[in-house]
Structure formats: C-alpha cells, structure tokens
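Open the model in your viewer and follow the stops below. Each stop says what to select and what is there.

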Amino acid sequence: MATTKKTATKKVAKKAAPSLKFNTAWEYAPALEGTSHVTIAPQYELFIDGKFVKPESGKYFNTINPATEANLSSIAEANAADVDKAVKAARKAYNGAWGKMSGAERAKYIFRISRMIQEKARELCVIETLDGGKPIRESRDIDIPLAANHFFYYAGWADKLDYAFPNRKPTSLGVAGQIIPWNFPLLMAAWKIAPALATGNTVVLKPAETTPLTALKLAEIIQECDLPPGVVNILTGAGATGAALVQHNDINKIAFTGSTEVGKLIQQACAGSSKKLTLELGGKAANIIFEDAPLDQAVEGIINGIFFNQGHVCCAGSRLFVQESVYKTVLRKLKDRMATLIVGNPLDKNTDIGAINSKQQLDTIHKYITIGKKEGAEMYQTDINLPRKGFYCKPTLFTDVAQSSRIAQEEIFGPVLTVQTFRTEDEVIEKANNTPYGLSAGVWTDKGSKIFNLTTKIRAGVVWANTYNKFDPTSPFGGYKESGYGREGGLQGLAGYLHI
Amino acid sequence: MSERSIVRPDFRHSPSIDQVGAEERAARFTKRSIKKESKLQGLHLALSMIDLTTLEGKDTPGKVKQLCYKAMHPHDALEGLPTVAAVCVFPSMVGIAKKALEGSKIKVASVATAFPSGQSTRDVKLRDTKYAVAEGADEVDMVISRGKFLAGEYNFVFDEIAAIKEACGNARLKVILETGELGSLDKVRRASDIAMHAGADFIKTSTGKIQPAATMPVTLVMLEAIRDFYYETGIQIGMKPAGGISKSKAALHYLVMLNEVLGADWMTNEWFRFGASSLANDVLMQLAKEATGRYQSADYFSID
C-alpha cells in the first residue's frame, strides 16, 4: 500500500486543469529535401526482355504527386499482349541462362542490385516520396534501406538452398507473376523480386498504377546490373494488367500483396490451375495496452502503429485496446503526442505524416470517418491546418467505439485509429481475434508471461511485444485467415518460390 | 518554503520504462531538421539557458571572476546576444560570483551537499547548503544519496531532499540524480519522482563527474516524469541536463525534445537549463556563422 503523508500545511490553490501548449514557442522552418539530383523521364515504357519497349496497347496513363496533384510522368499501360510478351521473355530466360546458372552466380547479380539501390538511395527516396506522398524521413530511413537489405539478405541464400530445408532438394518453380501495392512501392518490389531470383525463378512484376516510378527506376538498375534479359520484367498498368498476368497460362506462381477483395478474386482465378499462390492481404490489427505497460513507450508504439506511412500499412495497429484502469492516462498522453505530429509537405524532413496516396483513397478514408461519426463514436482530430492542394487527412481518433462498429471491423487504410477499452486478458484476446483478419498485433506489458500467453493465443502472423511495425529481412511476415497465406522474408520466404 | 503540499507516494510503483522504446523515441527527436530562423532562435534560446559552470579543485577567485564576465558578455563582437542563465560554482566561490555578477540578472548557482559524491552526514550537507545560501546563492544544486537510493531506502532520500529544500529558503533547489550511477531508466524515473515529490524545483541529470552524464534517453524519461507530475499536481518542475552536451547541434536536439514533450511553457531559462562549460563557445561559433556566413576560428572565442 502507498503510504501517504502530508507534511506541508498550505494547500495549492486550485487552478485551471493543467494543460500543455505545443507548436507555439518554436516553429521549425521548412527543411525541404532537394530534388535537383533526381531524374524523372516525361514518359516511361514497359521493361520487357531487358529493354524498355512501347506498349502493344498504345496507351499511357499519368502518375501524379499526391502532395501537389502535379503530373510527374506518363506511364505505359500493359495489356494482355504485353503480358504475353513479358511472360515469354521470362520463360526464355528461365529456360536459358538464368535457369542454368549456379546459385553462387545468381547471388552476385542480386548482390549487385542491392549495392546499386544503396548507391542511388538519395534519388530513390525522393522519387518514392514524390510519387507516393510518404514523408521523406520514412522513405529515406525505412523504405529504401530495407529494400536494399532484402536483396542483400536473399543474395546470401542463393547458393545455400540445399541447406535451407533439411533432407529436401528444393527446385525453382519457373516464371513468377508478382503484383504489388502502392503503400511501399520499392520495398514491396524487393520483397517479391529478391526471393524469386535467389531461388532461381524469373519474374514479371506489376507495380501499382499510382506508384510505378521506383519500380521503373529499379528496372533501370537491373539493366545497369546487366542481368540476363527477361529475368526481371516490369509491366505497368492498373487492375486489368494484373488480371491478365494472373490469367496467363504459362505462369507457375502468383504472389500478390493488396486488398483482401482482390486477393479473393485472384484465388478464384488461380483455382484449378497449377499456379502456386501466396497472398498478403488486408488487416485490422489489435494493439493492446495493459495497465502494467511502459505507457510512454506504448504511446509511441500506438503512434508508430497507426500513423506510420499515413496509416497505409496492412499491418497497421488500427484497433487500439487499452485496459480501463489506464485509459484516461493513455488517451491524454496520446493526444499530447498527436499534437506534435507535423502533417504536410512530404519532402520536408520534419514532416511526420505526408499525403494520402490518391484521391480515391482519401475518399475511402473520409467515407469511414463519416460512418464513424454516424455510428456515434466520438471523433478527435488534432487542431492543424492542412495544405490546400494535395490529398491530406488529419490524424484521427475515434473513442467510444463498439466491437460491432464498422470502423472497428473494416480496414480503413488511413490515419484513423479506433480506441476500445477492456478489463481482463481473456476479454481482450477474444476481441482481438474477433475479426476476419489476422495479419499482426501488438502487446504492451512489463510482464513476460503475459506476452507469451497472448502471443500464443492471438491468431495473427506477426505479434510485436513492446514495439510495433518493426521489419527485418530475416523475419517472416504474413497472415492468418483473410489476411492471406504464405510468408515473405526470412528462410520461410524462400518456400513460396520452390518445389520442396 | 514553497506553497506546496508534500505527498509521499509509494515510489516502488513509479511507472516502468522500456529502454529500447525510450532510446528510439529519443533518437527520433534528432531527426528534426532545424534550419534558418528556427536555428537562430534555438541557438539564442540555448545560450540563454546555459548554467556556465566551473567545478574544479583548482578554482580560484580570479577564474570565477573571469567566468562571470563571460556570463555577462558572452561575445560582445556580436550584437543582441542574451546572457547565460547562471554561473554554477562551489559554495566557497558563491560570494565572489555574487559580487562579480552584481547588477546583472544572472543567477548564482552553487553545488552543495558534499558534491559530487554526497557521501557525508545530513548535518554536514545542511550546513553546506545553508552556507551557500548565506553567501548569496540563488540556486542550490544538491546531489542525492545514490547509495541509499540503490539500497532501496527511498524514504531516506526523500527526507534528505525535503530537509535540504527547507534549508534552501528562497533559493531554488536543483536535485542531481547522477543518472550515470543509477543503472537503469526505471531507476531514473523513480529518482525523479522522489525528488519532485520531496520538493525539488528542478531535476538535474548529472554532476559532470561521472560518465555517462546527460543523455537524450535519460533526459526524455525525466521530462516525461515532469510532465506526469505536472498533470498530477499542477506544479511545474524545471529540467537541467548537465555534462556531455558540448555542441550546438546536440543542444538543439534537446530543445526539440523539450518543445515536443513539455511544450511552450518550459521553453525559457526559468524551466530549462544546460549545465555545461564548453557549450557556450560552440553556440557562439554557430551564431557568428549565421551572422557572417562563415565559420570563425576557435581563437576568436574567449576561453574562460
């Protein structure tokens, strides 16, 4: 029991409730990352068989900067004929030089790609920010270095596959069709391409239509690295291009990262074929704060969980569960922390939250904010001015949220956090698992045994303890239930590209 | 005695700190890019927050007087500079400093309580404190009994701080936790809570005699303790990282942290200080660079 003793006589006069004032004493001057070292061509073609070629479709679409809505470049749109050309080139490469090459030789190429990404990191991170809207701090410190690390890591596996799975003789699959999302454009390309090449496959990759530029820069890097023609082909386009890729008969493997809705369509399309399939889909992760957690660090974990990359993260900690006894404290700390988040120009090194990736996604987020308000949840947004041009969303909290609220059930994919309370461990486990998704979760407590209890009972591919949104090439990542199947990263990430 | 009710919670229940998380958060502040007018403003603020310090066995009246002149005239070649906040000396030099600083607004801070080890009796510590105050110290920088703290005798530490606070009279009390000897961030938090509840006006990281001295994660944990205490009691407590902050860039990182943890009310030298001896010249060098566009040789800045 606490021993309380009052030794002084005078009591402090009751003043107004204490509150802190942020963003008034010292405003940071703009600190823009330069763009003069960056080259973006006015038009990009398809990368097929080691060359940039005009699309059979004859069509182009624009990619814009979501922070300013300015046009960045005109991008070729691949149709079924282009897909066929690319798959044929990949097949030829697989049957030719690449398929016959030793693992040690393949590793040299993959290693070269990673070195080249590092060399061009400054250019790549600015392009990633221009094309996708993410803050330069994140593309510089997370996206680009991690992308290089994935190539480094898998380069190491290329000549050791015989030892990866004991008593097995793993063999490559053939041609892999890969479709990646717009939230981590270059990083997702690395997640897909690096293990596919390490295991001896060839690749046809389709980046997302709103963020094709770094994949095309990667195509230039691959060309510069002198990879045999056709080993990596990059086709830009929208949903129809992806569908043509999925439906192509001469593909041995489809790897998809994106929405659960599209994932289900792909699974249907692949049914009855011999195509091997891995899916990394949506999520609605529970981030669970117990009363014995290190609260200030937990608050930082909540911030990283939901506001990292504008909340465009499939493993975002979008459902916050706080034990009732510390609810008020956590909410106060969270609001104070949110007050210091800087939302604005993604190229400013001080920006914490950049632009929403597209008008379409901004509309989706606004739709859910409206739903949340209609459902009777209480909304809190920080008091800031957003830039007038571009797609921006204030960091948003919803409290008084029920488990049955749509905002607590459906993936919003934006900077919107729902907050619920719980009383006991069993209750929060049940609520955390009560979702069609199962990609990730976070647990915050000082007690090791509680961590192990939760990590064994929460049905999610990744459970972070006293941290959140940590990624490493050596660590497998993937989902349960409607968050998909198959693992990317680590030793497990090889399995999706091998006959074992 | 301040008008403040003293409550003694069970300090074993101080909030826990995750070291990895605290270090990551502290590192994130260093990612802020402080340029142009915000840099100039930050440098001025940093200069005004310095407790210019000399705490050596070889200190003499002559040395202290020179330091006091520097405190009042950091670099007269540049116009519009603030003075530093205080001059920090041993009790025997307080009288000299007081006289040298006459007419300025610069405070005299004195270390006391068997600084830096604190290994003496309560009686000696109280007399040490009273002597410094009688000589004219506006601020007293005491050390806690780290041995007693590590032995779990929190009430002893609490009572000692409360007794020194009483001996301080109107002088403001800074309580040095000597975080480099405490061993964990959990302990830093606990010692901060004890000090604030026992009557500290400021909490301070280090004596400067032990490594590591001030670090960003340690200061972060102390700022968070101050914030929680403020929400709990409405009482504002000051913060003084001391030792090891010798470059402007580091000082700006600390100010970013202060700005984003405690906010505007703490962004003055009434509530935040840097305990440093060599920081001032680096700040002056940066200010001269901002004014002239060029870095000057170190020989243009006085060494006191």
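**Stop 1: the second largest cavity**

Select A:F184, A:M188, A:W191, A:C314 and A:F471: of the 13 residues that line the second largest cavity, these lie nearest its centre. Keep in mind that the model is predicted. The space inside this cavity is about 100 Å³. Now colour helix α7 of chain A, residues 185-198. With 3 residues, α7 gives the most to this lining. Colour the lining by class next: 10 residues are nonpolar, 2 polar and 1 charged.

**Stop 2: the largest cavity**

The whole structure has 7 cavities of 30 Å³ or more. Go to the largest, with about 130 Å³ of space. Which residues are closest to its centre? Select A:E300, A:R337, B:R25, B:E224 and B:R227, out of 17 lining residues. Both chains take part: α11 (295-307) and α12 (327-339) of chain A each give two or more residues to the lining, and so do α1, α9 and α10 of chain B. By class, this lining has 9 charged, 6 nonpolar and 2 polar residues.

**Stop 3: the contact between the chains**

Show chain A and chain B together. Select the contact residues: 47 from chain A and 45 from chain B. The buried area is about 4200 Å², with carbon and sulfur atoms giving 47%. Highlight B:R28, B:R32 and B:Y231, which supply 17% of the area that chain B buries against chain A, more than any other three residues.

Polar contacts between the chains come to 22 residue pairs, both residues at pLDDT 80 or more.

Now select the chain B side by element. Two or more residues each come from α1 (19-29), α2 (36-48), α9 (216-233) and α10 (248-261). The largest share, 6 residues, comes from α10(B). This side of chain B divides into 19 charged, 16 nonpolar and 10 polar residues.

**Stop 4: the second largest pocket**

Move to the second largest pocket, with a volume of about 1100 Å³. Select A:W182, A:F256, A:G258, A:S259 and A:V262, which lie nearest its centre among 40 lining residues. The most, 6 residues, come from α10(A). Finish by colouring the lining by class: 19 nonpolar, 14 polar and 7 charged.

How values were computed
Residues are numbered from 1 along each chain as its sequence is written. Chains are lettered from A and ligands numbered from 1 in the order in which they are written. This is a predicted model: local features need pLDDT of at least 70, side-chain atom pairs count only at pLDDT 80 or more; totals for chains, interfaces and linings use all residues. Side-chain values use heavy atoms; hydrogens and water are left out. Contact means heavy atoms within 4.5 Å. Buried area is the accessible area (1.4 Å probe) that two parts lose on being put together, summed over both. A polar contact is a pair of N or O atoms within 3.5 Å; within protein, one must be able to donate a hydrogen and the other to accept it, and residues adjacent in sequence count only if both atoms are side-chain atoms. Helices (H or I, at least four residues) and strands (E, at least two) are DSSP runs, numbered from the N terminus. Ala, Val, Leu, Ile, Met, Phe, Trp, Tyr, Cys and Pro count as nonpolar, Asp, Glu, Lys and Arg as charged, and the others, Gly among them, as polar. On a 1 Å grid over the protein atoms alone, a cavity is a set of points where a 1.4 Å probe fits but cannot get out, and a pocket is an open set with protein on both sides within 12 Å along at least five of seven lines; lining residues have an atom within 4 Å of a point. Grid points are joined across faces, edges and corners, and a volume is the space filled by probe spheres set on the points.
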